[in-house]
Amino acid sequence: MGVSIQVKNLNAWFGKKQALFDITMTAAANHCTALIGPSGCGKSTFVRCINRMHETIPDAKATGSVKIGEVDAYNGTSAPQLRRRVGMVFQKPNPFPTMSVYDNVAAGLKLNRFRSNAKQMDEIVERSLKNAALWDEVKDDLKKKSGASLSGGQQQRLCIARALAVEPEVVLMDEPCSALDPISTGKIEDLIFQLKQNYTILIVTHNMQQAARVAEYTGFFLLGKLIEFEKTTKIFTTPSDKRTEDYITGRFG
Amino acid sequence: MRTRFQQGLDELREKLLRMGGLAEQAVERACQAYIDRDLNGCHQVLENETLINAAERDIDETAFDLMAMQQPMAVDLRFLLAVVKINADLERVGDQAVNIAERVMDMVELPAVELPVDIPRMATAVSAMVRRSLESFVEGKAELAQAVLEMDNVVDRMRDDAFIVLVKKMNTNPEATRQALDALLIARNLERVADHATNIAEDVIFWVRGDDVRHNAAQEAPVQPTAGTTGS
């Protein structure tokens with residue numbers, strides 16, 4: 001099951017430049033929360049702080065508290081342990097090009113030193129591909145077809161399957177559909193709806209219609225600050241802050 | 001700034017105002033025709049109804065195109081929704097003007113009788129409501145719209161008073177029954193125009209403030225979000 005993501009007083013820097021300012025918000029368990037805002041507003045940095053990818057950049061640092069359920073992401077948990085709980089899907093599908101579809105899904109498990117026999121591995125790969133709504137399209141060529149031979153939309157679902165294979169509690173998605181056509185986008189959005197039953201989803205998107213379609217809650221970032229966090233219907237119909245309204249109506253940004 | 005979208009919204013606003021002018025004029029002409037017992041005035045109201053109907057279709061089409069092509073959000077979405085609803089109300093105002101004109105045409109066929117009802121006074125109050133509701137739309141001012149809502153009760157009382165005195169007239173003076181009934185129906189038509197002006201004012205408040213004030217909705221408890229907090 002998914003767990004909540006609780007962020008308190010999160011600040012982040014790239015060297016001396018502060019990128020996030022005192023962010024406090026909670027993404028509810030088993031719901032989808034969307035983050036919107038103009039380019040450079042800090043939403044991707046925010047997401048990368050949640051799975052501690054931000055600290056992999058030289059001179060980057062973050063302060064504050066991030067909890068995945070009851071687990072403190074920055075105290076008493078190693079980054080690899082944390083990333084076992086927090087899956088991530090990126091803007092551009094990034095399957096391992098030389099690996100088969102099967103091996104792409106299994107790779108996440110192997111990287112996490114998951115020990116299993118072949119039968120267990122088969123079951124996990126099948127379950128993950130089914131959960132990513134890709135199984136029916138690849139089941140006949142599972143071990144022959146390379147991940148790179150799939151279409152863009154299929155590759156993105158393969159990456160989602162790879163993220164799901166380690167059974168995370170939270171799935172972070174950083175513009176997962178920006179490189180996809182409307183049909184593939186529709187499939188990913190349908191998938192997000194199904195995934196919410198078992199995972200907590202946090203999605204960064206530039207597509208406001210997409211945020212409106214898939215997320216129950218939406219946060220608006222501007223210049224590193226969380227300006228407004230509310231139910232999605234409220235944000236897109238009657239936002240409280242003028243800056244939110246100006247952004248979503250296209251008056252700036 | 002989305003310039004083309006803004007131009008589309010401005011164009012829609014102008015179209016709706018023109019239609020508002022036609023509807024307002026139709027009610028005033030019909031009421032003037034009542035005062036003057038003027039058949040020509042009645043015919044003008046009937047002829048102008050086609051202009052109002054055409055305007056309604058044009059506004060709906062423009063709003064529909066903007067929704068489909070520009071995917072409006074927040075205040076723009078509320079504006080377009082309000083325009084579509086105001087458009088329907090203005091078309092109904094036009095219909096009520098036609099109903100009044102038809103009643104006047106019926107009355108003009110008969111010798112004039114003294115009726116104990118002040119239709120011109122009621123028409124003045126109703127026209128003021130329509131005009132102010134349109135002003136609140138033009139200026140995007142919820143306070144002006146709120147004032148229109150408060151005028152509705154006055155017109156309702158006028159309609160009730162008209163009903164009482166006209167029924168009494170029918171009882172005491174049966175030969176005046178047909179014209180008294182026409183006047184009663186005109187009072188009811190005017191009261192409905194006031195209801196449409198009220199609807200327009202409610203739509204303006206929804207557009208400007210995002211508040212749904214229909215059917216005393218404000219008295220119902222608002223739904224609060226159950227998760228999430230706002231950061232700075």
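**Salt bridges and confidence in a predicted complex**

B:Glu24 is buried, with a relative accessible area of 15%. Here buried means under 20% relative accessible area, exposed over 50%, and partly exposed in between (1.4 Å probe, protein chains only). The model is predicted: local features need pLDDT of at least 70, side-chain atom pairs count only at pLDDT 80 or more, and totals for chains, interfaces and linings use all residues. Residues are numbered from 1 along each chain as its sequence is written, chains are lettered from A and ligands numbered from 1 in the order in which they are written, and side-chain values use heavy atoms, with hydrogens and water left out.

B:Glu24 forms a salt bridge with B:Arg131, and the closest N and O atoms are 3.6 Å apart. This pair links distant parts of the chain: B:Glu24 sits in helix H1 of chain B and B:Arg131 in helix H4 (residues 119–139) of chain B, 107 residues apart. B:Arg131 is partly exposed, at a relative accessible area of 36%. A salt bridge is a side-chain nitrogen of Lys or Arg within 4 Å of a carboxyl oxygen of Asp or Glu. By this rule, the count over all chains is 27 salt bridges. Helices (H or I, at least four residues) and strands (E, at least two) are DSSP runs, numbered from the N terminus.

Helix H1 (residues 3–36) of chain B also holds B:Lys15 and B:Glu11, four residues apart and so separated by about one helical turn. Their side chains meet in a salt bridge (3.3 Å, N to O). B:Lys15 is buried, with a relative accessible area of 14%. B:Glu11 is partly exposed, at 39%. A network of salt bridges links B:Glu11, B:Lys15 and B:Asp58.

A further salt bridge pairs the side chains of A:Arg251 and B:Asp76 (2.9 Å, N to O). A:Arg251 lies in the segment after helix H10 (242–248) of chain A and B:Asp76 in helix H3 (residues 74–108) of chain B, so the pair joins two chains. A:Arg251 is partly exposed, with a relative accessible area of 26%. B:Asp76 is buried, at 3%.

In chain A, helix H1 (residues 43–50) is mostly covered, with six of its eight residues buried. Among them are A:Phe46, A:Val47 and A:Ile50. Just after this helix, A:Arg52 takes a positive phi of about 60°.

Confidence was examined last. The predictor gives the complex an ipTM of 0.72 and a pTM of 0.82. Over residues 225–232 of chain B, pLDDT stays under 50.

Definitions and conventions:
pLDDT = per-residue confidence, 0-100. Contact = heavy atoms within 4.5 Å.
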